[in-house]
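Student: I have a chain to look at. Can we go through it step by step?

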Amino acid sequence: MTTARHSDTENSPDHLQRKLSNRHLQLIAIGGAIGTGLFMGSGKTISLAGPSILFIYMIIGGMFFFLMRAMGELLLANLHYKSFVDMAHDLIGPWAGYYLGWTYWLGWVLVGIADLSAVINYLSFWLPDGASFSPIQQAMISAGCVLFVMGLNLLTVRLFGEIEFWFALIKILAIIGLIGVGGYMIFSHFQAPQGAVASISNV
């Protein structure tokens, strides 16, 4: 009786549907960790800082690992928490939850703006030399990207998960491909048009 009632509740139109499979969740998590900066900003950073940037990534990654472990422990301690905002509200105070929630929202707004700028920069690569998008064209491209992403989020849960799964897989394959191409260029002593030769010493 309890199982049937639970099933009826999940299938009701007013209840959230749990249609994401394990592979959807795994790839959404991995794809979410691979940001635009890895493809656009990391090259400039590595060229300026050299291999030492890897240690910075390792240190920050270690800090986030322990942070996520701590959040997991807090979540298991109280299953009524829906997000880290609830944790801050309960353990620190209402002001902390309010502040954390709005700063998190603002952070994602800024990330969205940065991603739109990255899209425009990538598209500008295909323009003729010296050409650039006008402000109106940039606004139209940005609006199109926002509507496209919003449309994906308004689809059914399972279809959303499937699309995110394949997009994340494209990111992973792109990284593997870039590593493979970089390795090939090093071992084949690829020479750039400017005369620079790819080698381990450049790292």
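Student: Is His-189 buried or exposed?
Tutor: This is a predicted model, where local features need pLDDT of at least 70, side-chain atom pairs count only at pLDDT 80 or more, and totals for chains, interfaces and linings use all residues. Residues are numbered from 1 along each chain as its sequence is written, and side-chain values use heavy atoms, without hydrogens and water. Buried means under 20% relative accessible area, exposed over 50%, partly exposed in between (1.4 Å probe, protein chains only). The relative accessibility of His-189 is 54%, so His-189 counts as exposed.

Student: What is the phi of His-189?
Tutor: Most residues other than glycine have a negative phi. His-189 is not a glycine, yet its phi is positive. It sits in the segment after H9, and its phi is about 55°.

Student: How far apart are the end C-alpha atoms of helix H9?
Tutor: Helices (H or I, at least four residues) are DSSP runs, numbered from the N terminus. The expected span is 1.5 Å times one less than the number of residues. H9 has 31 residues, 157–187, so it should span 45 Å; this agrees with the distance between its end C-alpha atoms, 45 Å.

Student: Which backbone oxygen does the side chain of Ser-142 reach?
Tutor: Ser-142 lies in helix H8. At 18% relative accessibility, it counts as buried. A polar contact is a pair of N or O atoms within 3.5 Å; within protein, one must be able to donate a hydrogen and the other to accept it, and residues adjacent in sequence count only if both atoms are side-chain atoms. At 2.9 Å, the side chain of Ser-142 reaches the backbone oxygen of Gln-138.

How values were computed:
Helix = DSSP H or I, 4+ residues; strand = E, 2+ residues; numbered from the N terminus.
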